[in-house]
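Reader: Hi! I have a model open here and would like to talk it through with you.

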Amino acid sequence: MTRALAVLSVVLLGAGFAAGEPAWGSNCLSCHGLLTADVIHVFGEDGLADPDESATGAPDRGTLKVFRTYRGVTTSLTAAVPVLAEADTYAIQLKRLRFAGVESGGQLAYSADCDWPEWGETPSYYTHPAIAHRWPTGPTNFSYDIMVEPDAGLDYYDLVLAVAGEFAADAGLFYCEEHFYLQVLASQPGDANCDGQVNFGDINPFILRLSSEAQYAATYPSCPEANADINGDGTVDFADINPFIALLTGR
Ligand SMILES: [Ca+2]
Ligand SMILES: [Ca+2]
């Protein structure tokens, strides 16, 4: 089954599958063993954020790493499990929360053409398919590509990267997770470097976009096309130069 249309398409870069799955869950020690701290770290974030969860009834998770992304574009995040020994077996999983988080009505829509695990309802979040990836002797860094469809709600979303497995030394089970926020932003014409502001720092990125679309995409992989399409005609070309100048100079 293809997941090409999945809203949140997750590409796991690394070794292949092996049989068996660790027990997944959340704060369920009887299921998956000791809740172990600091096994997994998410990095490559765009900063920290403390969105207001008060209207959602969700737990206030306070300040967490935030990955910013735009509708219709792909962003990457990376996780590492640096403390595990080579012989330890483990799997890493990107999960959504079962219940509402910080999003206030916003919802990451998802395609039916995928096999994200569900709990019988349209999910508010995405999770990695219920497939456990296990590396008996494999990489300890993982990259996930997250693609949000154009109609996704502009909001913060709680996501969780979790690792579960078994220590080789004593056959002890462990589980660890790191919560973080995915913030889906609206495009902002003129913000060619996608730092959230429109200023002179966008001039060179904008010129780069005009001169080499490929280089621009490589340099700013998470920037939506609309940020450089200043006149909003659906394409980025020389006709956007004067509107860009006008945007910067306020004329
Ligand atoms: Ca900018
Ligand atoms: Ca244009």
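Reader: Which residue in β5 does Val-42 stand opposite?
Author: Val-42 faces Ala-79 there. One thing to keep in mind from the start is that this is a predicted model.

Reader: Noted! In which sense do β2 and β5 pair, and over how many bridges?
Author: They run antiparallel, with three bridges between β5 and strand β2, residues 41-43.

Reader: And which residues of β5 are on its covered face, and which on the uncovered one?
Author: Strand β5 spans residues 74-80, and Thr-75, Leu-77 and Ala-79 make up its covered face. Thr-74, Ser-76, Thr-78 and Ala-80 are on the uncovered face.

Reader: Let me zoom out. How many helices and strands does the protein have?
Author: There are four helices and nine strands. In sequence order the pattern is α-β-β-β-β-β-β-β-β-β-α-α-α.

Reader: What share of the residues is buried?
Author: 34% of the 251 residues count as buried. As for contacts between residues at least 6 apart in sequence, 74% of them link residues at least 24 apart.

Reader: Which residues touch the most other members in the largest nonpolar core?
Author: That core has 26 residues, and the ones touching the most other members are Val-39, Ile-40, Ala-162, Val-163, Ala-164, Cys-176 and Leu-182. At least two residues of this core come from each of β5, β7 (141-147), β8 (156-166) and β9. There is also a second, separate core of six residues, with Phe-206, Ala-228, Ile-230 and Val-236 among them.

Reader: Phe-206 is in a helix, I think. Which residues of α2 are buried?
Author: In α2, residues 203-211, they are Pro-205, Phe-206 and Arg-209. These three span an arc of only 100° around the axis, so they lie on the same side of α2. Asn-204 and Ser-211, on the other side of the helix, are exposed.

Reader: What covers the buried residues of α2?
Author: The cover includes α3 and α4.

Reader: New topic: what is the phi of Cys-194 near?
Author: Near 55°, which is positive although the residue is not a glycine. Most residues other than glycine have a negative phi. Cys-194 sits in the loop between β9 (173-185) and α2.

Reader: Is Cys-194 buried or exposed, and why?
Author: Cys-194 is buried, because 24 C-beta neighbours fall inside 10 Å.

Reader: Now Asp-229. Where is that one found?
Author: Asp-229 is in the loop between α3 (213-219) and α4 (241-249). Asp-229 counts as buried because 21 other C-beta atoms lie within 10 Å, and the cut-off is 20 or more.

Reader: What is Asp-229 in contact with, apart from neighbours within four places in sequence?
Author: Its contacts are Pro-189, Gly-234, Thr-235, Val-236 and Asp-240. Val-236 is also one of the residues in that second core. From Asp-229 to Ile-241 the C-alpha to C-alpha distance is 9.4 Å, with twelve residues' separation in sequence.

Terms used: Residues numbered from 1 in each chain as written. Chains lettered and ligands numbered in written order. Predicted model: local features only at pLDDT ≥ 70, side-chain atom pairs only at ≥ 80, totals over all residues. Buried ≥ 20, exposed ≤ 12 C-beta atoms within 10 Å, placed from the backbone. Pairing = 2+ DSSP bridges. Contact = placed C-beta atoms within 7 Å. Arc of directions from axis to C-beta. Core = buried A, V, L, I, M, F, W, Y, C linked by C-beta atoms within 7 Å.
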